[in-house]
Amino acid sequence: MKISVKVPATTANLGPGFDCLGMALPIYNTITIEETVLPGTGIEINVIADTQEADELSLEHIPLDENSIVYKAVELLYNSIGQTPSELKITIHSQIPITRGLGSSASVIVGGLLAANELLGHPADEAALLSIATEVEGHPDNVTPAIIGGLVLASQEDDGSVLYRKLDWPDEWQITVCIPDYELATDIARSVLPKEVPMHDAIFNAQRLAMFVQAVNTKDTELMKAALHDKLHQPYRMKLVPGLEKIMENLKHEENVLGCVLSGAGPSILIISHKNGVDKIHSIVKETWADLNVKAEVKTLPIEKNGAQIIKQDN
Ligand code: HSE
(Lines give C-alpha, C1' and ligand atoms only; values in the text may rest on other atoms or scores of the structure.)
Protein backbone atom coordinates (compact mmCIF):
# COMPACT_ATOMS: atom_id res chain seq x y z
CA MET A 1 0.00 0.00 0.00
CA LYS A 2 1.10 3.59 -0.68
CA ILE A 3 -0.21 6.63 1.22
CA SER A 4 0.45 10.31 0.44
CA VAL A 5 -0.26 13.19 2.80
CA LYS A 6 -0.28 16.85 1.78
CA VAL A 7 0.75 19.07 4.69
CA PRO A 8 0.65 22.88 4.85
CA ALA A 9 3.50 25.18 5.84
CA THR A 10 3.10 26.95 9.17
CA THR A 11 4.21 30.18 10.72
CA ALA A 12 4.69 30.07 14.48
CA ASN A 13 4.87 32.59 17.35
CA LEU A 14 3.13 35.48 15.47
CA GLY A 15 4.89 37.96 17.75
CA PRO A 16 3.86 37.39 21.38
CA GLY A 17 2.86 33.71 21.12
CA PHE A 18 6.28 32.09 21.50
CA ASP A 19 5.87 28.29 21.33
CA CYS A 20 2.06 28.54 21.50
CA LEU A 21 0.58 30.36 18.45
CA GLY A 22 0.77 28.99 14.92
CA MET A 23 -1.00 29.38 11.60
CA ALA A 24 -1.20 27.17 8.50
CA LEU A 25 -0.25 28.69 5.13
CA PRO A 26 -0.99 27.50 1.56
CA ILE A 27 2.47 26.12 0.65
CA TYR A 28 2.70 22.32 0.86
CA ASN A 29 4.95 19.34 1.30
CA THR A 30 3.71 15.92 0.23
CA ILE A 31 4.97 12.93 2.16
CA THR A 32 4.43 9.47 0.71
CA ILE A 33 4.99 6.20 2.55
CA GLU A 34 5.05 2.93 0.75
CA GLU A 35 5.50 -0.54 2.17
CA THR A 36 8.20 -2.13 0.06
CA VAL A 37 7.63 -5.70 -0.94
CA LEU A 38 11.17 -7.01 -0.72
CA PRO A 39 12.11 -8.06 2.81
CA GLY A 40 15.45 -6.74 4.06
CA THR A 41 15.32 -3.50 2.05
CA GLY A 42 14.96 -1.49 5.28
CA ILE A 43 13.97 2.17 5.39
CA GLU A 44 14.59 4.32 2.34
CA ILE A 45 14.02 8.09 2.58
CA ASN A 46 14.13 10.38 -0.47
CA VAL A 47 13.67 14.13 -0.62
CA ILE A 48 12.69 15.80 -3.88
CA ALA A 49 12.78 19.61 -3.97
CA ASP A 50 10.03 21.22 -5.98
CA THR A 51 11.36 24.71 -5.22
CA GLN A 52 14.18 27.04 -6.11
CA GLU A 53 17.87 26.18 -6.44
CA ALA A 54 18.87 27.50 -3.00
CA ASP A 55 16.93 24.70 -1.42
CA GLU A 56 18.98 22.07 -3.22
CA LEU A 57 21.74 23.09 -0.83
CA SER A 58 19.48 22.85 2.24
CA LEU A 59 18.41 19.38 1.16
CA GLU A 60 21.96 18.16 1.66
CA HIS A 61 21.60 18.78 5.40
CA ILE A 62 18.57 16.52 5.77
CA PRO A 63 19.40 13.12 7.25
CA LEU A 64 17.99 10.33 5.11
CA ASP A 65 18.48 7.50 7.60
CA GLU A 66 17.18 6.56 11.07
CA ASN A 67 18.27 10.04 12.30
CA SER A 68 15.65 11.66 10.13
CA ILE A 69 12.77 13.35 11.97
CA VAL A 70 10.26 11.66 9.69
CA TYR A 71 11.73 8.28 10.64
CA LYS A 72 11.67 9.20 14.36
CA ALA A 73 8.00 10.17 14.15
CA VAL A 74 7.05 7.00 12.27
CA GLU A 75 9.09 4.86 14.67
CA LEU A 76 7.36 6.36 17.73
CA LEU A 77 3.98 5.57 16.21
CA TYR A 78 4.95 1.96 15.45
CA ASN A 79 6.46 1.61 18.95
CA SER A 80 3.22 2.88 20.54
CA ILE A 81 1.54 -0.27 19.22
CA GLY A 82 4.46 -2.56 20.03
CA GLN A 83 5.86 -2.71 16.49
CA THR A 84 9.04 -1.55 14.72
CA PRO A 85 8.93 -0.02 11.24
CA SER A 86 10.71 -1.96 8.54
CA GLU A 87 10.67 -2.10 4.76
CA LEU A 88 9.31 1.40 4.17
CA LYS A 89 10.01 3.84 1.37
CA ILE A 90 9.38 7.45 2.42
CA THR A 91 9.37 10.18 -0.24
CA ILE A 92 9.15 13.87 0.61
CA HIS A 93 8.14 16.26 -2.18
CA SER A 94 9.28 19.55 -0.73
CA GLN A 95 7.79 22.92 -1.68
CA ILE A 96 8.08 24.50 1.76
CA PRO A 97 11.40 26.35 1.98
CA ILE A 98 13.74 24.53 4.38
CA THR A 99 15.28 26.18 7.47
CA ARG A 100 13.34 29.40 6.83
CA GLY A 101 10.91 29.38 9.80
CA LEU A 102 7.96 28.06 7.79
CA GLY A 103 7.41 24.70 9.45
CA SER A 104 9.10 22.44 6.93
CA SER A 105 10.25 20.02 9.67
CA ALA A 106 6.78 20.02 11.28
CA SER A 107 5.24 19.19 7.90
CA VAL A 108 7.54 16.21 7.43
CA ILE A 109 6.82 14.90 10.96
CA VAL A 110 3.06 15.32 10.50
CA GLY A 111 3.05 13.84 6.98
CA GLY A 112 5.06 10.80 8.08
CA LEU A 113 2.87 10.22 11.12
CA LEU A 114 -0.46 10.55 9.30
CA ALA A 115 0.67 8.33 6.43
CA ALA A 116 2.00 5.65 8.79
CA ASN A 117 -1.18 5.85 10.87
CA GLU A 118 -3.23 5.25 7.72
CA LEU A 119 -0.98 2.33 6.71
CA LEU A 120 -1.40 0.78 10.15
CA GLY A 121 -5.22 1.11 10.13
CA HIS A 122 -5.56 4.19 12.40
CA PRO A 123 -4.19 2.98 15.74
CA ALA A 124 -3.64 6.61 16.87
CA ASP A 125 -6.37 9.22 17.31
CA GLU A 126 -5.82 12.97 16.78
CA ALA A 127 -4.69 13.49 20.39
CA ALA A 128 -2.08 10.72 20.14
CA LEU A 129 -0.79 12.05 16.80
CA LEU A 130 -0.48 15.58 18.21
CA SER A 131 1.36 14.30 21.21
CA ILE A 132 3.88 12.24 19.17
CA ALA A 133 4.39 15.10 16.67
CA THR A 134 5.05 17.56 19.52
CA GLU A 135 7.47 15.15 21.19
CA VAL A 136 9.54 14.94 17.98
CA GLU A 137 9.34 18.67 17.15
CA GLY A 138 9.82 19.89 20.74
CA HIS A 139 6.99 22.45 20.72
CA PRO A 140 3.35 22.35 19.56
CA ASP A 141 3.03 25.64 17.63
CA ASN A 142 3.94 24.31 14.14
CA VAL A 143 2.71 20.71 14.27
CA THR A 144 -0.76 21.61 15.61
CA PRO A 145 -1.80 23.95 12.74
CA ALA A 146 -0.08 21.55 10.31
CA ILE A 147 -2.53 18.84 11.47
CA ILE A 148 -5.59 20.99 12.22
CA GLY A 149 -5.22 23.97 9.84
CA GLY A 150 -6.07 27.62 10.54
CA LEU A 151 -4.82 29.78 13.40
CA VAL A 152 -4.24 27.74 16.53
CA LEU A 153 -3.38 28.40 20.15
CA ALA A 154 -1.66 25.30 21.56
CA SER A 155 0.12 24.15 24.70
CA GLN A 156 1.96 21.00 25.65
CA GLU A 157 0.72 19.73 29.02
CA ASP A 158 2.81 17.97 31.68
CA ASP A 159 1.58 14.54 30.56
CA GLY A 160 2.72 15.26 26.97
CA SER A 161 -0.80 15.86 25.65
CA VAL A 162 -1.52 18.92 23.51
CA LEU A 163 -4.35 21.28 24.40
CA TYR A 164 -5.41 23.50 21.51
CA ARG A 165 -8.14 25.86 20.32
CA LYS A 166 -8.66 27.33 16.86
CA LEU A 167 -9.10 31.10 16.50
CA ASP A 168 -10.91 32.75 13.56
CA TRP A 169 -8.51 34.93 11.59
CA PRO A 170 -10.31 38.09 10.32
CA ASP A 171 -10.63 37.97 6.50
CA GLU A 172 -9.75 41.66 6.23
CA TRP A 173 -6.22 41.11 7.60
CA GLN A 174 -3.58 40.13 5.05
CA ILE A 175 -0.58 37.94 5.70
CA THR A 176 2.63 38.65 3.79
CA VAL A 177 5.45 36.14 4.09
CA CYS A 178 8.96 37.40 3.30
CA ILE A 179 11.44 34.59 2.71
CA PRO A 180 15.13 35.57 2.43
CA ASP A 181 17.61 33.44 0.50
CA TYR A 182 19.65 32.60 3.61
CA GLU A 183 19.02 29.79 6.08
CA LEU A 184 18.68 29.71 9.87
CA ALA A 185 18.41 26.34 11.60
CA THR A 186 15.89 26.27 14.46
CA ASP A 187 18.39 24.72 16.90
CA ILE A 188 20.76 27.66 16.32
CA ALA A 189 17.90 30.15 16.69
CA ARG A 190 16.87 28.45 19.96
CA SER A 191 20.45 28.30 21.26
CA VAL A 192 20.64 32.11 21.52
CA LEU A 193 17.60 32.30 23.81
CA PRO A 194 18.26 32.81 27.53
CA LYS A 195 17.27 30.14 30.09
CA GLU A 196 15.51 32.79 32.16
CA VAL A 197 13.91 36.13 31.26
CA PRO A 198 13.23 39.25 33.33
CA MET A 199 9.79 39.35 34.97
CA HIS A 200 8.86 42.60 33.14
CA ASP A 201 9.52 40.89 29.78
CA ALA A 202 7.33 37.93 30.76
CA ILE A 203 4.59 40.38 31.79
CA PHE A 204 4.98 42.28 28.50
CA ASN A 205 4.38 39.06 26.51
CA ALA A 206 1.48 37.91 28.70
CA GLN A 207 -0.18 41.29 28.05
CA ARG A 208 0.46 41.16 24.27
CA LEU A 209 -0.75 37.54 23.95
CA ALA A 210 -4.00 38.36 25.77
CA MET A 211 -4.41 41.38 23.46
CA PHE A 212 -3.72 39.20 20.39
CA VAL A 213 -6.49 36.72 21.22
CA GLN A 214 -9.01 39.48 21.99
CA ALA A 215 -7.99 41.47 18.87
CA VAL A 216 -8.51 38.43 16.62
CA ASN A 217 -11.83 37.58 18.27
CA THR A 218 -13.20 41.12 17.92
CA LYS A 219 -11.30 42.16 14.72
CA ASP A 220 -9.83 45.05 16.69
CA THR A 221 -7.12 46.60 14.51
CA GLU A 222 -5.79 49.03 17.12
CA LEU A 223 -5.47 46.26 19.70
CA MET A 224 -3.72 44.04 17.14
CA LYS A 225 -1.16 46.77 16.48
CA ALA A 226 -0.37 46.84 20.21
CA ALA A 227 -0.33 43.02 20.38
CA LEU A 228 2.19 42.24 17.61
CA HIS A 229 5.30 42.67 19.76
CA ASP A 230 7.56 40.33 21.63
CA LYS A 231 10.31 40.35 24.24
CA LEU A 232 10.87 36.61 24.69
CA HIS A 233 12.57 35.62 21.46
CA GLN A 234 12.76 38.30 18.75
CA PRO A 235 15.26 40.60 20.51
CA TYR A 236 17.68 37.68 20.96
CA ARG A 237 17.30 36.45 17.39
CA MET A 238 17.59 39.87 15.79
CA LYS A 239 21.36 39.46 15.23
CA LEU A 240 20.78 36.16 13.37
CA VAL A 241 18.36 37.78 10.93
CA PRO A 242 20.12 40.53 8.98
CA GLY A 243 17.56 43.07 7.82
CA LEU A 244 14.84 42.28 10.37
CA GLU A 245 15.40 45.36 12.51
CA LYS A 246 15.58 47.64 9.46
CA ILE A 247 12.45 46.13 7.87
CA MET A 248 10.55 46.63 11.15
CA GLU A 249 11.77 50.20 11.29
CA ASN A 250 10.88 50.91 7.64
CA LEU A 251 7.35 49.51 8.04
CA LYS A 252 6.63 51.21 11.38
CA HIS A 253 4.93 54.23 9.88
CA GLU A 254 3.04 52.44 7.10
CA GLU A 255 -0.61 53.10 7.77
CA ASN A 256 -1.87 49.70 6.61
CA VAL A 257 0.66 47.66 8.55
CA LEU A 258 -0.57 46.15 11.81
CA GLY A 259 2.73 44.53 12.65
CA CYS A 260 5.91 42.84 11.50
CA VAL A 261 7.17 39.73 13.32
CA LEU A 262 9.59 36.86 12.90
CA SER A 263 8.05 33.75 11.35
CA GLY A 264 8.78 30.92 13.78
CA ALA A 265 12.49 30.90 14.56
CA GLY A 266 13.18 32.95 11.40
CA PRO A 267 14.71 34.04 9.15
CA SER A 268 11.39 34.58 7.30
CA ILE A 269 9.38 37.60 8.35
CA LEU A 270 5.61 37.87 8.61
CA ILE A 271 3.78 41.14 8.02
CA ILE A 272 0.14 41.57 9.02
CA SER A 273 -1.68 44.35 7.19
CA HIS A 274 -5.02 45.62 5.93
CA LYS A 275 -6.03 44.47 2.47
CA ASN A 276 -4.77 47.67 0.78
CA GLY A 277 -1.18 48.70 0.30
CA VAL A 278 0.38 45.28 -0.16
CA ASP A 279 2.51 46.37 -3.16
CA LYS A 280 4.20 49.05 -1.05
CA ILE A 281 4.96 46.48 1.66
CA HIS A 282 6.50 44.14 -0.92
CA SER A 283 8.76 46.87 -2.29
CA ILE A 284 9.86 48.12 1.15
CA VAL A 285 10.88 44.60 2.18
CA LYS A 286 12.62 43.77 -1.10
CA GLU A 287 14.50 47.08 -1.19
CA THR A 288 15.62 46.82 2.42
CA TRP A 289 16.98 43.34 1.88
CA ALA A 290 18.49 44.27 -1.51
CA ASP A 291 20.55 46.94 0.29
CA LEU A 292 22.08 44.06 2.27
CA ASN A 293 22.49 41.91 -0.86
CA VAL A 294 19.78 39.56 0.29
CA LYS A 295 17.44 38.18 -2.36
CA ALA A 296 13.94 37.49 -1.09
CA GLU A 297 10.66 36.00 -2.12
CA VAL A 298 7.73 38.05 -0.84
CA LYS A 299 4.23 36.55 -1.03
CA THR A 300 0.86 37.70 0.24
CA LEU A 301 -1.12 34.59 1.07
CA PRO A 302 -4.48 33.64 2.52
CA ILE A 303 -4.55 31.54 5.68
CA GLU A 304 -4.89 27.79 4.99
CA LYS A 305 -7.99 26.74 6.91
CA ASN A 306 -7.44 23.01 6.39
CA GLY A 307 -4.81 20.87 7.98
CA ALA A 308 -2.98 17.87 6.53
CA GLN A 309 -4.94 15.85 3.97
CA ILE A 310 -4.51 12.27 2.89
CA ILE A 311 -4.65 12.58 -0.89
CA LYS A 312 -3.81 9.23 -2.39
CA GLN A 313 -4.24 5.62 -1.54
CA ASP A 314 -3.15 3.00 -4.08
CA ASN A 315 -3.49 -0.66 -3.44
N1 HSE B 1 8.31 28.39 18.48
C2 HSE B 1 9.44 27.86 17.80
C3 HSE B 1 10.62 28.80 17.96
C4 HSE B 1 9.12 27.71 16.35
O5 HSE B 1 10.41 30.00 17.83
O6 HSE B 1 11.74 28.34 18.23
C7 HSE B 1 10.24 27.06 15.58
O8 HSE B 1 9.81 26.80 14.29
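This is a predicted model: local features need pLDDT of at least 70, side-chain atom pairs count only at pLDDT 80 or more; totals for chains, interfaces and linings use all residues.
I started with Thr10, which touches Met23, Ala24, Gly101, Leu102, Gly103, Asn142, Pro145 and Ala146, leaving out residues up to four places away in sequence. Contact here means heavy atoms within 4.5 Å. Thr10 lies in strand S1; helices (H or I, at least four residues) and strands (E, at least two) are DSSP runs, numbered from the N terminus. Is Thr10 buried or exposed? Thr10 is buried, at a relative accessible area of 0%. I noted the cut-offs: buried is under 20% relative accessible area, exposed over 50%, partly exposed in between, using a 1.4 Å probe and protein chains only.

Residues are numbered from 1 along each chain as its sequence is written, and side-chain values use heavy atoms, with hydrogens and water left out.

**Cores**

Next I looked up the largest nonpolar core, which has 38 residues. Such a core is a set of buried Ala, Val, Leu, Ile, Met, Phe, Trp, Tyr and Cys residues joined through side-chain atoms within 4.5 Å. Val5, Val7, Ile33, Leu77, Val110, Leu113 and Leu114 touch the most other members. Helix H3 (104–119) is one of the elements that each supply at least two residues, and H3 gives the most, with 9. I then checked Leu114: its contacts include Val5, Leu129, Ala308 and Ile310, not counting residues up to four places away in sequence. A second, separate core has 30 residues, among them Ala9, Ile27, Trp173 and Leu228.

**H4 against H5**

Which residues of H4 meet H5? I found Glu126, Leu129, Leu130, Ala133, Thr134 and Glu137 in H4, facing Pro140, Asn142, Val143, Thr144, Ile147 and Ile148 in H5. The residues of this contact divide into 7 nonpolar, 3 polar and 2 charged. Pro counts as nonpolar along with Ala, Val, Leu, Ile, Met, Phe, Trp, Tyr and Cys, while Asp, Glu, Lys and Arg are charged and the others, Gly among them, polar.

**The sheet**

Last, I traced an open sheet of 4 strands, in the order S8-S9-S7-S10, with antiparallel pairing. Two strands pair if DSSP finds at least two bridges between them. S8 (257–262) and S10 (296–301) stand at the edges with a single partner strand each, so one side of each has no neighbour in the sheet. S7 (residues 173–180) and S10 pair over 6 bridges, and Pro180 stands opposite Ala296 in S10.
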